[in-house]
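Trainee: I would like to learn how to read surface features in a model like this one. Could you walk me through it?

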Amino acid sequence: EMQFKMIAKNYLKGWFAIDLTLNSLDWISLVIESTDGGGGSARTASQAGRVVRIARVLRVFRVANRLRAVVSKVNTGMQRFIYLQQALQILIVVIWINHLIGCL
């Protein structure tokens, strides 16, 4: 529960306003398209549709940025794992050499 509050707080500070704006534009676009009866508001609906498409592209970029961040963290974690593995291999070799010297 504590982590949920932290996540919600972080979301409200960061992306909530953008998501709220984009979703509002989506709904407004749907309402305009469904109530469009004359030619004058068709242009407005078309412009709103463009704004919504741009907003959707921005969402894709946001997801791509998050994916890059995750991949970066995974790569950093893998590098640490590789260094740890190499250190353990060296340690095992040193222990084996000490064992062989002790057996002589």
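Mentor: Gladly, and keep in mind that this is a predicted model. Let's start with one side chain: Phe16 has a relative accessible area of 33%.

Trainee: Which ring does Phe16 pair with, and in what geometry?

Mentor: For ring pairs, look at the distance between centres and the angle between planes; planes over 60 degrees apart count as edge-to-face. The rule gives a count of one aromatic pair. Here the ring centres of Tyr11 and Phe16 lie 6.0 Å apart with planes at 75 degrees, so the pair is edge-to-face. Tyr11, at 34% relative accessible area, is partly exposed.

Trainee: Which residues form the nonpolar patch on the surface?

Mentor: Tyr11 and Phe16 belong to it, together with Leu12, Trp15, Ile18 and Leu20. Leu20 sits in helix H2 and is partly exposed, with a relative accessible area of 46%.

Trainee: And how does the chain look as a whole?

Mentor: There are three helices and zero strands, in the order α-α-α from the N terminus. Of the 104 residues, 10% are buried. The chain exposes about 9000 Å², and carbon and sulfur atoms supply 68% of that area.

Terms used
Residues numbered from 1 in each chain as written. Predicted model: local features only at pLDDT ≥ 70, side-chain atom pairs only at ≥ 80, totals over all residues. Heavy atoms only, no water. Patch = residues over 30% accessible without salt bridge, like charges linked within 9 Å, V, L, I, M, F, W, Y side chains within 5 Å. Areas by Shrake-Rupley, 256 points an atom, 1.4 Å probe, with all protein chains shown as cover. Salt bridge = Lys/Arg side-chain N within 4 Å of Asp/Glu carboxyl O. Helix = DSSP H or I, 4+ residues; strand = E, 2+ residues; numbered from the N terminus. Buried < 20%, exposed > 50% of the residue type's maximum accessible area, 1.4 Å probe, protein only. Phe/Tyr/Trp six-rings, centres within 6.5 Å; stacked < 30°, edge-to-face > 60°.
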